[in-house]
Amino acid sequence: MGDVYTLITGGSMGIGKALARECARRGMNLLLVALPTPELEQTASEIRDEFAVRVDTLGINLTEPPSPGSVHQWCEKNNYTVDILMNNAGIAGSAIFEESSIEYSDERILLNIRALVILSRLFIPMLKQQKRAYILNTGSFSAYQPLAYKSVYAASKSFVHLFSLALNEELRDTSISVTVVNPNGVKTNATAHDRINTHGKLVQKTLVLDADKIAQIAVDGMLKGKKIIIPGFWNRFVLQISRLLPASYKIKKTAKIFRKELLKLD
Ligand SMILES: NC(=O)c1ccc[n+]([C@@H]2O[C@H](COP(=O)([O-])OP(=O)(O)OC[C@H]3O[C@@H](n4cnc5c(N)ncnc54)[C@H](OP(=O)(O)O)[C@@H]3O)[C@@H](O)[C@H]2O)c1
């Protein structure tokens, strides 16, 4: 059997890169999977220089239907044993649905949902053979209610949330524990920066965390076998309060907020 690795999709940038650095800090070898861009190799080489861990990369577009299978084959071919699978790659997005392209929805469904499901399915047999194994899925705070103007993205993250909980239950008597981490805004890529900057200072100060903090909380929680992780006290507080409010009020209120966000981004 070869070395044991943590496989991170979307490991080249943003939260995925922060997860990669957090894992490397803890001595885990890494397999970073992301689009074939220079950032992927750059992140891998940065981590190799800083930490005494093995890092290998696979540049691949996970929205292409054969890609999850190719990732699995790549691991088998190279004798990589995966004991942690982090399904993190995902694309956010705001749009007026009736004006959005078919490709807009397809990309989110294929990456946020399909790739995550198929990778989980393909890696379970290998994960099951490990004494202790983990699946960490990156969901979102958007998972908790329908969000107009983020309809596809929010629903894709509700899927990730519910799928993770159901899978964890199915795997209860195995060595695998499944965790979903649901962060609120994180200033990662340029769009996330612009989107978060449309909100007030108070929101940014209380609800927005940096990617390194999210990663630290997520890896800690995953290793403890937590089912759901919501990083940040104020995010957990807001969620509890919002549970007291009627759904019809919340959908209207958030629609206003995200319509404003969309108009400001235009
Ligand atoms: N940022 C936020 O506010 C926020 C909040 C809650 C949840 N999340 C979730 O956190 C996760 C990471 O988001 P992020 O903000 O860190 O995003 P990001 O900075 O844009 O990074 C996304 C990562 O996914 C990879 N990726 C994108 N499309 C891909 C594709 N088709 N095939 C393979 N890899 C692909 C990117 O690779 P490249 O190197 O090629 O770009 C990059 O490594 C997502 O699931 C997102 O929904 C983000």
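This is a predicted model: local features need pLDDT of at least 70, side-chain atom pairs count only at pLDDT 80 or more; totals for chains, interfaces and linings use all residues.
I found arginine 121 in helix 4.

Leaving out residues up to four places away in sequence, I have methionine 126 touching Thr81 and Val82. Between methionine 126 and isoleucine 228 I noted 102 residues in sequence and 23 Å from C-alpha to C-alpha.

**Helix 4 against helix 5**

I describe two packed helices by the angle between their axes and the distance between the axes. For helix 4 (residues 102-128) and helix 5 I have an angle of about 10 degrees and axes 9 Å apart. I therefore call helix 4 roughly parallel to helix 5, as the angle is under 35 degrees. On the helix 4 side I listed Ser105, Arg108, Ile109, Asn112, Ile113, Leu116, Val117 and Ser120 as making the contact. On the helix 5 side I listed Val152, Tyr153, Ser156, Lys157, Phe159, Val160, Phe163 and Leu167. I sorted the residues of this contact into 10 nonpolar, four polar and two charged.

**Nonpolar cores**

In soluble globular proteins, nonpolar side chains tend to be buried together. I looked for such groups here and found that the largest nonpolar core has 58 residues. Its residues with the most contacts inside the core are Leu19, Leu30, Leu32, Val82, Leu85 and Ala218. I see that helix 4 gives the largest share of this core, eight residues. Apart from this core I found another, of six residues, including Leu147, Tyr149, Val152 and Phe258.

I followed up leucine 19. Setting aside neighbours within four places in sequence, I have leucine 19 in contact with Ile8, Met86, Asn88, Ala215, Ala218 and Val219.

**Positive phi**

Most residues other than glycine have a negative phi.

- I placed tyrosine 149 in the loop between strand 5 (133-138) and helix 5 (151-170). Its phi is near 70 degrees.
- I placed asparagine 79 in the loop between helix 3 (67-77) and strand 4 (81-87). Its phi is near 60 degrees. Asparagine 79 counts as exposed because it has 9 C-beta neighbours inside 10 Å.

**Ligand shell**

Last, I looked at the surroundings of the ligand. I have 28 residues around it, of which Gly10, Gly14, Leu35, Gly90 and Thr188 come nearest. The elements that give two or more residues to this shell are helix 1 (14-25) and helix 2 (38-50). I recorded three residues from helix 1, the largest share of the shell. By class, I divided the shell into 13 nonpolar residues, 14 polar and one charged.

Definitions and conventions: Residues are numbered from 1 along each chain as its sequence is written. Helices (H or I, at least four residues) and strands (E, at least two) are DSSP runs, numbered from the N terminus. A residue is buried if 20 or more other C-beta atoms lie within 10 Å of its own, exposed if 12 or fewer, and partly exposed in between; C-beta atoms are placed from the backbone. A residue is near a molecule or strand if its C-beta atom, placed from the backbone, lies within 6 Å of it. Ala, Val, Leu, Ile, Met, Phe, Trp, Tyr, Cys and Pro count as nonpolar, Asp, Glu, Lys and Arg as charged, and the others, Gly among them, as polar. Axes are lines fitted to C-alpha atoms, for helices over the stretch in contact, and angles run from 0 to 180 degrees between N-to-C directions. Angles under 35 degrees count as roughly parallel, over 145 as roughly antiparallel, 65 to 115 as roughly perpendicular and the rest as oblique. Two residues are in contact if their C-beta atoms, placed from the backbone, lie within 7 Å. A nonpolar core is a set of buried Ala, Val, Leu, Ile, Met, Phe, Trp, Tyr and Cys residues joined through C-beta atoms within 7 Å.
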